[in-house]
Amino acid sequence: MDDVDQKILAELQRDGRLTVTELAARVRLSVSPCHRRLRELERSGAIRGYRAVVDPAAVGLTFEALVFVSMRQEDRDTVAEFERAVSEVEYVLDAQRLFGDPDYLLRVATADLAAFQRLYDERLATLPGVQRLTSTLVMKHVVTDRPLPAQGMGAQGGRRWFTT
């Protein structure tokens, strides 16, 4: 991945609805080479897809919680079954497996506290292998949907991921 590919990715993270013509102008390429690079980024998996970013409040999901999951056992079958089951809970927006304790972090959005309580008791607490759930409420989003930093996109020939 070279600097032009990184520019293409940066522009698309800012505005995924750009036409190929607009994108080509922004990265200073003609349309054909820009289109070829775009298709290669999609084919390689660097671009995983395109989506609309929806305001949760606009669709009635005004309550958000972070749920920490500690597993009773972590054998391969239990972990696979837990991960399959949690992926089917539509109100779980993100699920991450962690090193150490707790084992997982879930980001959950519901309509209100009562809906969260029902989801917690009826779905989350019954997931396979769960020993303990601990949750905390999200007060405010400070950083959301930030684009990936350009320095982290591919080989950088000595550049650091961060500056000290």
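Colleague: Which residues in α2 meet which residues in α3?

Modeller: V20, T21, L23, A24 and V27 in α2 meet V31, C34, H35 and L38 in α3, where contact means heavy atoms within 4.5 Å, and helices (H or I, at least four residues) and strands (E, at least two) are DSSP runs numbered from the N terminus. The residues of this contact divide into seven nonpolar, two polar and no charged, with Ala, Val, Leu, Ile, Met, Phe, Trp, Tyr, Cys and Pro taken as nonpolar, Asp, Glu, Lys and Arg as charged, and the others, Gly among them, as polar. This is a predicted model, in which local features need pLDDT of at least 70 and side-chain atom pairs count only at pLDDT 80 or more, while totals for chains, interfaces and linings use all residues. Residues are numbered from 1 along each chain as its sequence is written, and side-chain values use heavy atoms, with hydrogens and water left out.

Colleague: At what angle do α2 and α3 pack?

Modeller: Axes are lines fitted to C-alpha atoms, for helices over the stretch in contact, and angles run from 0 to 180 degrees between N-to-C directions. Helix α2 and helix α3 (residues 31-44) pack at about 100°, with their axes 9 Å apart, which makes α2 roughly perpendicular to α3; under 35 degrees counts as roughly parallel, over 145 as roughly antiparallel, 65 to 115 as roughly perpendicular and the rest as oblique.

Colleague: And at what angle do α1 and α2 pack?

Modeller: Helix α1 (residues 3-14) and helix α2 (residues 20-27) pack at about 125°, with axes 10 Å apart, and are therefore oblique to each other. On the α1 side K7, I8, E11 and L12 meet L23, R26 and V27 of α2, a contact of four nonpolar, no polar and three charged residues.

Colleague: Which residues of the largest nonpolar core touch the most other members?

Modeller: A nonpolar core is a set of buried Ala, Val, Leu, Ile, Met, Phe, Trp, Tyr and Cys residues joined through side-chain atoms within 4.5 Å, buried being under 20% relative accessible area, exposed over 50% and partly exposed in between (1.4 Å probe, protein chains only). Of the 20 residues here, V67, V69, F82, L106, V108, L124 and L127 touch the most other members, and β1 gives the largest share, five residues.

Colleague: Where is R28 placed, and is R28 buried or exposed?

Modeller: Most residues other than glycine have a negative phi, and most peptide bonds are trans. R28, in the loop between α2 and α3, has a positive phi near 60° and counts as exposed at 76% relative accessibility. A cis peptide bond, with omega about 5°, joins D101 and P102.
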